[in-house]
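Hi,

Here is the model I promised to pass on.

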Amino acid sequence: MRIIGETHIPFLSYRKIAVTVSAIVVGAGVLWIAAGVLNPQIKALRFGIDFTGGTQVLAKFREAPDLGRLRSTLTGVSTDAPIIQRFDEAEKHQVLIRLQVPAGEQADLTRPVIDRLAAEFNADVGRRFDLNTQGSQALSLLLVDADPDRVAATGADPASHYAPMADAVLEYRRQHGIFSSLDELNGVPELSPAARSAIRERVALGSFALLGVESVGPAVGADLKKQATMAIALSLMGILIYVWVRFQLPYSIGAVVALFHDVITTLTALMITQREINLPTVAALLTLVGYSTNDTVVIFDRIRENLRLRRGEKLEEIMDLSINQTLSRTIITSGTVLLVVLPLFLFGGDVINTFAFVLLVGLFVGCYSTVFIASPVALWISRLLAARREKRRARGRR
Amino acid sequence: MDRKIIWRIVITLVVVGTAVFALVQKRIPLGLDLSGGIHLVLQVKTDDAIKAELDDAALRLKTLAGEKNLPVGEWSADVGALGFQVAVPAGTDRDALGQLASDYLSEYNVDAGPDTWTFTFKANVEAAVRDLAVRQALETIRNRVDQFGVSEPVIQRQGIESDRILVQLPGVDDPTRVKEIISHTAFLEWKEVLAGPAPSRDILLTRTGGQVPADAQVATEDREDESGAVAGKDYYLLRKAAIVTGRDLRTARRGQGQFGEPVVNFYLIPSGGDKFAEFTAAHIGDPAAIVLDGNVISAPVIRSRIRDEGYIEGNFDIETAEDLALKLRAGALPASISYLEERTVGPSLGRDSIVRGVRAGLVGLALVVVFMVVYYKLSGLNAVFALVLNLVLLLGAMAYFGATLTLPGIAGVILTIGMAVDANVLIFERIREELAIGKTVRSAIDTGFARAFGTILDSNMTTLIAALFLFQFGTGPVKGFAVTLSIGLLASMFTAVFVSRTVFMLVLAGRDRVETLSV
């Protein structure tokens with residue numbers, strides 16, 4: 001079977017249009033990013049708490065949470081307004097709460113957020129043991145203290161008797177996220193009947209459980225931002241040098257210009273969709289950098305081979321020929337990567353979604369830039385260098 | 001059969017066998033984002049240690065000078081200037097004091113002014129004090145975490161000179177409590193009560209004329225109402241110098257008081273016991289304050305001479321009593337610490353991520369397999385075989401090296417599926433081209449593999465360069481991704497180039513003339 005047979009598409013003849021359009025897109029993207037840096041009011045790159053610093057709490061509620069009530073409860077914890085949104089499917093009752101820490105402040109907002117939530121939503125719990133927020137060690141202590149099975153009297157160690165029960169209860173919570181009712185304790189067979197009723201007597205059920213808490217100090221955030229920028233810049237440099245050594249200067253410049261285009265265009269897509277940029281997003285960007293050069297190098301490799309085979313032919317024609325010869329490979333490989341990234345994007349869940357989005361956009365952008373940016377730029381630079389060499393030689397003759 | 005083919009099969013079997021063995025022997029450790037747990041980066045406020053060192057040196061000077069009849073006045077420490085100043089009255093023998101300073105405070109430069117002497121750190125002392133504080137903090141945190149009972153904790157300094165400490169505790173389901181246990185300074189002191197309790201500072205100080213005496217300090221205790229909420233504060237005037245401190249503790253345990261309420265039992269080391277016995281014998285009927293991090297937690301009346309054991313009451317419940325005992329056993333932190341970064345992942349979230357990631361990966365794998373077989377027919381089957389081996393090698397290598405599997409790492413595995421077939425695609429496309437220009441099957445396969453190899457090497461190298469910087473940059477989950485991606489690429493070069501070639505050779509072996517190739 002064959003998707004594409006032999007093609008003779010004059011790709012390079014479209015180079016002026018393609019490069020002009022791309023230059024406009026990249027230029028607009030750079031301006032947009034710069035505007036966002038200079039004026040935070042403008043919605044440009046949306047950095048997540050990994051880079052801005054702040055606190056993020058993912059909570060699961062027993063009943064459908066009232067977002068308005070959450071918002072009013074948490075307003076005032078930080079000078080910035082809290083961002084509160086549903087997470088995943090609505091029937092999971094999960095809410096993502098995000099608070100930014102204003103620059104210059106060191107405050108860890110985790111504690112105040114949890115305390116305020118507890119004061120507002122768990123008022124009925126009071127000082128009782130909240131089975132939805134306490135851990136297995138605390139539950140084990142509670143059981144040891146109550147000693148419903150009268151283990152201490154037999155001389156055995158109460159801690160080793162009750163710890164597995166506490167672990168089993170917490171394992172149940174781990175699987176279900178939250179206890180909706182104390183009757184669910186019947187679903188934990190490890191509990192002895194006496195222990196079960198002891199727990200029922202002593203604990204209360206808070207209305208929420210914490211699924212995840214993240215808190216990043218502004219200083220760490222700024223550090224990470226610097227490191228991420230450095231990592232991307234250095235990997236572009238590394239690729240520039242590698243391609244320079246393996247091929248020639250014009251090709252390495254072509255490859256890096258194409259990569260720069262890929263990164264900026266993908267960032268622009270992130271700005272348009274206002275998706276958040278976090279550590280995994282940067283990981284995806286770097287992957288895209290690697291993947292996109294991969295494509296470019298395959299074409300350059302073919303150009304190098306054809307240059308040896310067809311001496312005397314124009315570089316432009318050789319480039320077109322090479323792109324056409326590798327076209328089916330380019331499309332098939334992009335296709336197989338698409339086959340795996342698309343399910344990841346569609347079914348991977350909220351945590352991984354932006355990551356997959358970057359790869360998805362990068363796949364198309366990288367494919368395009370390989371053909372329409374990398375080779376034309378390499379062509380121009382070679383001609384430029386050739387012209388300069390010619391001039392120098394002419395001067396030398398004189 | 002050709003010797004060459006046999007060797008290739010042996011090598012393949014050994015490599016794959018090693019990977020399978022590693023997979024069976026060890027399991028791939030899950031990252032915190034999948035297993036659930038807590039990741040903390042904390043900063044040791046080493047300024048606290050500098051301040052403590054300066055105060056300690058000044059106090060030492062004053063005491064020693066007092067013993068030698070060299071009266072010196074008040075002192076004040078300045079952390080920013082890394083030194084302290086002492087007032088030296090006119091009548092003091094300056095030479096004798098200078099001798100004392102060079103004998104006992106050798107780590108300080110002395111600038112003897114007309115009425116104040118300035119002591120500042122000599123070179124390197126500052127760095128040594130800060131370094132020691134971080135190392136002590138590391139040790140204390142390690143003790144506390146060990147006592148708390150977390151399996152496979154990671155507790156390490158971030159960099160040699162750094163004041164940051166990384167703590168990773170997998171499987172912890174109670175992050176708030178753990179955070180409190182780690183960050184609490186827990187510096188315990190027993191102090192003599194000079195006056196108090198009084199409802200306000202002014203009332204407390206009426207007898208001393210509104211002034212705090214030079215050797216005393218004011219401390220407060222939270223007063224609680226029936227329900228346990230803080231209702232106000234009681235003020236105490238305490239002697240600055242402690243009778244004994246947490247350093248004199250041998251151990252501490254949660255116990256029960258007279259009415260069954262939780263208390264913390266403590267046991268002193270012999271030297272501490274001597275000091276305590278001497279003090280309590282002389283002060284029967286007086287209160288002594290138990291001070292934790294500068295706050296009075298209780299001020300019981302001394303009823304008898306106490307030698308080496310006693311108990312601390314406070315407003316404890318079982319958990320706070322247990323935690324305080326733990327912290328006292330593990331020792332106090334030499335400086336306060338703050339949290340720079342915290343990431344807690346509940347295990348249910350991690351489990352959800354694994355299920356979804358694996359599901360997405362299987363769908364992707366199925367699609368790629370179907371495509372390869374439809375598009376390249378039997379050769380496609382060869383590629384699928386290589387792909388499966390690639391996955392086995394990738395997972396085996398991760399198990400062997402103990403590389404952590406994180407959520408982005410799962411994405412890395414999935415991405416590897418998509419990218420690994422690239423090598424096969426390059427080879428097969430090349431073979432098709434060679435066949436198209438009329439080469440025989442054997443020579444088409446030979447040139448196809450030979451020509452494609454250079455391309456595969458170059459194109460994978462660039463991805464490896466990006467992965468290298470990614471590894472160098474990232475925190476846990478991102479590092480996991482970089483590792484998975486790199487191993488996957490290396491494995492794909494082995495399976496697609498070496499193993500697939502072997503399969504072709506095996507198929508063609510024993511046939512003299514091959515007319516067609518299913519590609």
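Predicted model: local features only at pLDDT ≥ 70, side-chain atom pairs only at ≥ 80, totals over all residues.

Residues are numbered from 1 along each chain as its sequence is written, and chains are lettered from A and ligands numbered from 1 in the order in which they are written.

**Chain A**

Chain A splits into domain 1 (11-47 + 217-390) and domain 2 (55-215); the bounds come from an automatic or database domain assignment. Taken over C-alpha atoms, the centres of the two domains of chain A are 46 Å apart.

Two helices of chain A to look at are α11 (residues 279-309) and α12 (residues 315-347), which pack with axes 9 Å apart at an angle of about 135°. (Helices are DSSP runs of H or I with at least four residues, strands are E runs of at least two, and both are numbered from the N terminus. Axes are lines fitted to C-alpha atoms, for helices over the stretch in contact, and angles run from 0 to 180 degrees between N-to-C directions.) That angle makes α11(A) oblique to α12(A); under 35 degrees counts as roughly parallel, over 145 as roughly antiparallel, 65 to 115 as roughly perpendicular and the rest as oblique. Among the residues making this contact are Val298(A), Ile299(A) and Arg302(A) of α11(A), and Ile318(A), Ser322(A) and Arg329(A) of α12(A). Here "contact" means that the C-beta atoms, placed from the backbone, lie within 7 Å. By class there are 8 nonpolar, 5 polar and 3 charged residues. (Ala, Val, Leu, Ile, Met, Phe, Trp, Tyr, Cys and Pro count as nonpolar, Asp, Glu, Lys and Arg as charged, and the others, Gly among them, as polar.)

**Where A meets B**

On chain A, 67 residues are in contact with 68 residues of chain B. α11(A) gives the most to chain A's side, with 13 residues. That side of chain A has 36 nonpolar, 23 polar and 8 charged residues.

The axes of α5 (residues 136-146) of chain A and α9 (residues 318-330) of chain B come within 10 Å and cross at roughly 110°, so the two are roughly perpendicular. Ala138(A), Leu141(A) and Asp145(A) touch Ile318(B), Glu319(B) and Glu322(B) in this contact.

**Chain B**

α9(B) also lies across β12 and β13 of chain B, running at about 170° to β12(B). Those strands belong to an open sheet of 3 strands in the order β12-β13-β16 (chain B), with antiparallel pairing. The edges are β12 (249-256) and β16 (309-312) of chain B, each pairing on one side only. On average, neighbouring strands of this sheet are turned by 25° against each other, direction ignored. β12(B) and β13 (residues 262-268) of chain B are joined by 7 bridges, and Ala252(B) stands opposite Phe266(B).

Cheers

Methods:
Contact = placed C-beta atoms within 7 Å. Pairing = 2+ DSSP bridges.
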